[in-house]
Amino acid sequence: MASLKELKGRINSVKSTQKITKAKQMVAAAKLRKAQTAAEAARPYAERLGKVMASIAGKVSGDGAPKLLAGTGSDQRHLLVLVNTDKGLCGGLNANLVKAAKLKAKELLAEGKQVQFYLVGRKGRAPIKRDYANSIAEWYDTSEVRTPGFPEAEAITAQLLDMFEDGQFDVAHLVYPVFQSALAQDPTVQQLIPVPAPETVSESGAVVEYEPDEEEILKELLPRYVRTQLFGALLEREASEQGASMTAMDNATRNAGDLINKLTIQYNRSRQAAITTELIEIIAGAEAL
């Protein structure tokens with residue numbers, strides 16, 4: 001049984017930890033609102049850009065379609081662009097993202113495809129390296145940036161497009177979290193390159209003529225679409241990280257409080273038992289005299 005001094009030390013230690021988790025919870029809550037607003041504000045633009053691109057792409061013939069839309073003609077080599085956080089203490093967010101990426105990799109490998117990883121963020125490197133050490137093509141470090149944004153999305157896009165033009169992969173998939181709430185961040189896998197073929201676009205009565213032609217517009221629009229998707233993924237990552245961190249630190253604070261209560265009860269019982277033992281010894285000594 002632990003001594004009173006040991007119990008007191010454990011109680012003080014847990015109280016110190018509780019102060020830290022409470023402070024981190026408050027910091028995450030303060031950052032969450034801004035990150036959530038930025039992520040939600042970017043969604044309408046990305047959706048509208050996708051509709052415009054679909055409208056133009058529907059008018060382009062197969063032979064005249066840019067490579068980013070038509071692809072390389074093969075789907076043998078796949079690249080998984082995994083967007084993780086740079087910091088921990090955010091619950092199971094990173095573990096769920098890695099799990100989704102590994103599941104996609106296993107599906108592709110089972111089909112006889114070649115799989116490589118492009119890692120964004122620090123927390124995805126170690127678990128991916130354990131199972132796919134020889135399959136990591138590149139990684140992009142965002143740990144030095146306070147809030148990753150459009151410049152980082154541009155840099156990642158430029159590197160991915162260079163790899164695509166060099167023939168290092170045929171298809172790229174983006175794995176990232178979609179922020180729903182502080183309690184829910186859904187890991188999402190979507191095709192990034194080549195840009196997915198547009199769904200059937202509803203025909204309107206208006207006849208639209210483009211200047212320059214559709215092929216030239218798509219050459220500019222498709223890289224912009226890829227940048228927008230990566231920018232949105234970085235914003236979703238920030239909001240998901242703060243939401244998951246706030247929830248995890250709230251749970252840690254509550255657990256610390258429960259542990260303090262249990263240790264305090266144990267401390268009081270031990271102290272009471274020690275006092276009772278001393279009183280019995282005193283009474284026994286007095287009776288002996």
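## Burial and overall form

Of the 289 residues of the protein, 42% count as buried (buried is under 20% relative accessible area, exposed over 50% and partly exposed in between, with a 1.4 Å probe and protein chains only). The model is a predicted one, in which local features need pLDDT of at least 70 and side-chain atom pairs count only at pLDDT 80 or more, while totals for chains, interfaces and linings use all residues. Residues are numbered from 1 along each chain as its sequence is written, and side-chain values use heavy atoms, with hydrogens and water left out.

The protein has six helices and five strands (DSSP runs numbered from the N terminus, helices being H or I of at least four residues and strands E of at least two). From the N terminus on, their order is α-α-β-α-β-α-β-α-β-β-α. The radius of gyration is 28 Å, well over the 19 Å that the globule rule gives for 289 residues, so the protein is more spread out than a compact globule. This radius is taken over C-alpha atoms, and the globule rule is 2.2 Å times the number of residues to the power 0.38. Along its principal axes, the C-alpha trace spans about 115 × 40 × 30 Å.

The accessible surface of the protein comes to about 16500 Å², and 51% of that surface belongs to carbon and sulfur atoms. Accessible areas come from the Shrake-Rupley method with a 1.4 Å probe, and for residues only the protein chains shown count as cover. Among contacts between residues at least 6 apart in sequence, 77% join residues at least 24 apart (a contact means heavy atoms within 4.5 Å).

## Nonpolar cores

The largest nonpolar core has 35 residues, and those with the most contacts inside it are Tyr118, Leu160, Ile193 and Leu230. A core of this kind is a set of buried Ala, Val, Leu, Ile, Met, Phe, Trp, Tyr and Cys residues joined through side-chain atoms within 4.5 Å. Two or more residues come from each of α1 (4-57), α2, β1, β2, α5, β4, β5 (185-193) and α6. The most is given by α6, with eight residues. Apart from this core lies another, of 18 residues, among them Leu80, Ala100, Ala101 and Tyr132.

Not counting residues up to four places away in sequence, Ile193 touches Leu68, Leu160, Leu161, Phe164, Phe169, Asp170, Val171, Ala172 and Val226. His173 lies in strand β4 (residues 171-179) and is buried, with a relative accessible area of 7%. Leaving aside neighbours within four places in sequence, His173 is in contact with His78, Leu79, Leu80, Val81, Lys104, Leu108, Val189, Gln190, Gln191 and Leu192.

## Salt bridges

The structure holds eight salt bridges, each defined as a side-chain nitrogen of Lys or Arg within 4 Å of a carboxyl oxygen of Asp or Glu. One of them joins Lys113 and Asp75, with the closest N and O atoms 3.2 Å apart. This pair links distant parts of the chain, 38 residues apart: Lys113 is in the loop between α3 (93-110) and β2 (114-120), and Asp75 is in the loop between α2 (67-70) and β1 (77-83). Lys113 counts as buried at 16% relative accessibility, whereas Asp75 is partly exposed at 39%.

Asp141 and Arg125 also meet through their side chains in a salt bridge (3.9 Å, N to O). Asp141 lies in the loop between β3 (136-140) and α5 (150-165) and Arg125 in helix α4 (residues 125-131), so this bridge ties together parts that are 16 residues apart in sequence. Asp141 is partly exposed at 37% relative accessibility, and Arg125 is partly exposed at 21%. A further salt bridge connects Arg254 and Asp250 (3.0 Å, N to O). Because they are four residues apart in helix α6, Arg254 and Asp250 are separated by about one helical turn. Arg254 is exposed, with a relative accessible area of 54%. Asp86, Arg237 and Glu238 are linked in a network of salt bridges.

## Helix α6

Ile283 is placed in helix α6 (residues 214-288). Together with Ile275, Leu279 and Ile282, Ile283 makes a nonpolar surface patch of about 390 Å². Patches are made of residues with over 30% relative accessible area and no salt bridge, like charges being joined within 9 Å and nonpolar side chains (Val, Leu, Ile, Met, Phe, Trp, Tyr) within 5 Å.

Gln266 also lies in helix α6 and counts as partly exposed at 31% relative accessibility. The C-alpha atoms of Gln266 and Lys67 are separated by 69 Å, and the two residues are 199 residues apart along the chain.
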